[in-house]
Amino acid sequence: MRKILLAATILGSCLASGAFTTGTARAETIVVTADRMIDVLAAKAVEQPVVVITDGRIVSVASQGSAPPAIPAGATRIDLPGRTILPGLIDMHVHLDANATISGYRGLEYTDSFWQAVGVSNAKKMLEAGFTTVRNVGSNGYNDVGLKQAIEGGYIDGPRIVPATYAIGSTGGHCDNSEGLPPSFTSLPQPAVIDGPEAGRKMVRTLHKYGAEVIKICATGGVLSRTDAAGAQQLTFEEMKAIADEAHMLGLRVAAHAHGTSGINDALRAGVDTIEHASLADDESFRLAKEHGAWFSMDIYDDDYILAEGAKNGVHEESLAKERAIGRKQRETFRAAVHAGVKQVFGTDNGGVFPAGQNALQFAKEVEWGMTPMQAIQSATKNAAEALDRTSDVGAIAVGRYGDIVAVAGDPLADVRVLQRVDIVIKGGRVVTGGGAVAGQ
């Protein structure tokens, strides 16, 4: 058995020597050992784990104290002393083809293809931060489908992508790209603006035709759209119901951007699967979410970044005022939702709201506002996989799932902030990076 020691002191030399490549070639079987493993399915830590990955899938998970697994001759061994391993992390709300430092009207200075290039960079940063799967909930020009194809073809490095393509919105609403522009700009194509239930049904079919694997709707106004009220409902119940019914018929799940109470509750009654933001959810929202089995995806880190850096990045003053009014309320809603037993997934708005690759900053906020460290980790692993209907391949270090593993120094159950400094990322049994940390942490 070939053995590669990945202690922190020699990690750089291993990478420099080419022991781990970022191309498509990899050993048929690798064996990963570490000091401990977070078993997100059993909600416990396992000491001295041994994980065997063959052809990108996990074939056995054991402890060194138990009967040793059968390891084929010639397997590559990756030993991680002093490290804790976790499943590859999942962010359920990202925007790969966006740049948080270019906000407001500044984005109009760049040509359309610029944003796909941004997506290539952002995909790599998110993967290096330990996020081996992301759900991209809104993209122009079908950029997220293109990125997914390029990653799967081995042309670029990045996470597994669940693309939504365009987010569906109403005329003049949060997802109308000409919102806030003068009437002379209304001739610009707005591919996913709909009015009426039948238009919603047709849009679902169109997006699915061109690669959408989840449908995103804008049920209410937003913070970063300039002219609307964040809490105002923008799609009718009938429109949302038609969209959800059509998506479910096609085997797609539905995510609803919704800050305001009425929009949240109508979206839940219409059958959406995840509520994004959920800032002003109330007790009725909690009841409906539990009744319908829906998930909340609450980006509770974002308030810190928007208020600290937004003005410099070009965020409109109207948007900053909305964030000042809603940010604290969203965090209080998060705490109440956790206490009420509403199911939660990890969604950050990374890329669009704060710089790509800093996704893990949200873990500490989740713990600060009511989750245990284990619950926070599960929100980005076990729970996210369930919400994606992907429990057969992502979200846990378990037999049959992809060999997606991240390693960190220390114990994230004692200090969840260690997830901000990932030592190594393995995707599908291939070491894709040997280190990454959130800037300034």
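A residue counts as buried when its relative accessible area is under 20%. That cut-off places C175, which has 15% relative accessibility and is therefore buried. The model in view is a predicted one.

Start at this cysteine. C175 forms a disulfide with C218, and the two sulfur atoms are 1.7 Å apart. A disulfide is a covalent bond between the sulfur atoms of two cysteines. The structure holds one disulfide. The bond links distant parts of the chain, with its two cysteines 43 residues apart. C175 lies in the loop between strand 10 (169-170) and strand 11 (193-194). C218 belongs to strand 12, which covers residues 214-218. C218 is buried too, at a relative accessible area of 1%.

Turn now to the rings. The structure holds nine aromatic pairs. One of them joins F114 and W115. Their ring centres are 4.9 Å apart and their planes stand at 80 degrees. Planes over 60 degrees apart count as edge-to-face, so this pair is edge-to-face. F114 has 26% relative accessibility and counts as partly exposed. W115 has 16% and counts as buried. The pair also belongs to a cluster, in which ring pairs link Y110, F114 and W115.

Another pair has a stacked arrangement. F346 and F363 have their centres 4.4 Å apart, with 25 degrees between the planes. Where do F346 and F363 lie? F346 is in the loop between strand 16 (343-345) and helix 10 (361-368). F363 is in helix 10. The pair therefore ties together parts that are 17 residues apart in sequence. F346 is buried, at 0% relative accessibility. F363 is buried as well, also at 0%.

End at Y402, where charge meets ring. Which residue has its charged end over the ring of Y402, 4.1 Å from the centre? That residue is R57. R160 also lies over the face of Y402, at 3.6 Å from the ring centre. A charge counts as sitting over a ring when CZ of Arg is within 6 Å of the ring centre and within 35 degrees of the ring normal.

Methods:
Residues numbered from 1 in each chain as written. Predicted model: local features only at pLDDT ≥ 70, side-chain atom pairs only at ≥ 80, totals over all residues. Heavy atoms only, no water. Phe/Tyr/Trp six-rings, centres within 6.5 Å; stacked < 30°, edge-to-face > 60°. Buried < 20%, exposed > 50% of the residue type's maximum accessible area, 1.4 Å probe, protein only. Helix = DSSP H or I, 4+ residues; strand = E, 2+ residues; numbered from the N terminus. Disulfide = S-S within 2.5 Å.
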